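Visitor: Hello! I am new to protein structures and would like to learn how to read one. Could you take me through it step by step?

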Amino acid sequence: MTGESTIGISISNQALTLHRAKGKTVRTYPVSTAKNGPGQLKDSYCTPLGKHVIRAKIGDGQLANTVFRARRPTGETYRFGMREAEPERDWILTRILWLSGLEVGYNRLGNVDTMRRYIYIHGCPDDVDLGQPGSRGCIRMSNVDVIDLFDSTPVGTPVLIHA
């Protein structure tokens, strides 16, 4: 795809919308944001609001369902039943788009820094319910959708997260 892209994430609609130049909507994806709702503070397990940018893209070329820990592939491929073995884990799969806040004091630096909070757009197990809050702060997408988004947005793409 060509043209400058932007991403809008609506917490109330549990949707991520990809836009191209002049605001043309390309696609809307169902997502799952934080179970604790919106919020900026470190250790709140909330999804941060405001203006962000995709700071890094991780996982290019990895297979769908590749398991990541600390932004590195573990060598595992997620399979049914792994969630039951670690029910509290927020599985990070397939691709990671690492977000960085742009608003100093709101979502950048100090106790509100989105990047230091490790807030990502990432893939999740296929049996996770999208369209409703459930993550520990990140924006979860289906594996097919996160690959599509990853492949069509460059580092530096603006992301606006709103309630």
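Visitor: In what order do the elements of the protein run from the N terminus on?

Guide: Welcome! Please keep in mind that this is a predicted model, where local features need pLDDT of at least 70, side-chain atom pairs count only at pLDDT 80 or more, and totals for chains, interfaces and linings use all residues. Residues are numbered from 1 along each chain as its sequence is written, and side-chain values use heavy atoms, with hydrogens and water left out. Helices (H or I, at least four residues) and strands (E, at least two) are DSSP runs, numbered from the N terminus. Here the order is β-β-β-β-β-β-α-β-β-β-α-β, with two helices and ten strands in the protein.

Visitor: What radius of gyration does the protein have?

Guide: The radius of gyration is taken over C-alpha atoms, and the globule rule is 2.2 Å times the number of residues to the power 0.38. A compact globule of 163 residues would have a value near 15 Å, and the protein agrees, with 15 Å. Its C-alpha atoms fill a box of roughly 40 × 35 × 25 Å along the principal axes.

Visitor: How much of the protein is made up of buried residues?

Guide: Buried means under 20% relative accessible area, exposed over 50%, and partly exposed in between (1.4 Å probe, protein chains only). Of the 163 residues in the protein, 49% are buried. Lys24 counts as exposed because its relative accessibility is 60%.

Visitor: Which residues does Lys24 contact, leaving aside its neighbours within four places in sequence?

Guide: Contact means heavy atoms within 4.5 Å. With those neighbours set aside, Lys24 is in contact with Leu18 and His19.

Visitor: Which residues have the most contacts inside the largest nonpolar core?

Guide: A nonpolar core is a set of buried Ala, Val, Leu, Ile, Met, Phe, Trp, Tyr and Cys residues joined through side-chain atoms within 4.5 Å. The largest one has 20 residues, and Leu16, Ile121 and Leu149 have the most contacts inside it. At least two core residues come from each of strand S1 (6-10), strand S2 (15-19), strand S7 (92-101), strand S9 (139-141), helix H2 (143-152) and strand S10 (158-162). H2 gives the most to this core, with three residues. Apart from this core lies another, of eight residues, including Ala56, Ile92, Trp98 and Tyr120.

Visitor: How many aromatic pairs are there?

Guide: A pair of aromatic rings is described by the distance of the centres and the angle of the planes. Rings of Phe, Tyr and Trp (its six-membered ring) pair if their centres lie within 6.5 Å; planes under 30 degrees apart count as stacked, over 60 as edge-to-face and the rest as tilted. The count here is three. Tyr78 and Trp91 are edge-to-face because their ring centres are 5.2 Å apart and their planes stand at 65 degrees. Tyr78 is buried, at 9% relative accessible area, and Trp91 is buried too, at 2%. Trp98 and Tyr118 are stacked, since their centres are 5.8 Å apart and their planes at 25 degrees. Trp98 is buried, at 14%, whereas Tyr118 is partly exposed, at 42%. Trp98, Tyr118 and Tyr120 form one aromatic cluster.

Visitor: Which ring does the charged end of Arg89 sit over?

Guide: A charge sits over a ring if NZ of Lys or CZ of Arg is within 6 Å of the ring centre and within 35 degrees of the ring normal. For Arg89 the ring is that of Trp91, with the charged end 3.7 Å from its centre. Lys57 lies over the face of Phe150, 4.5 Å from the ring centre.
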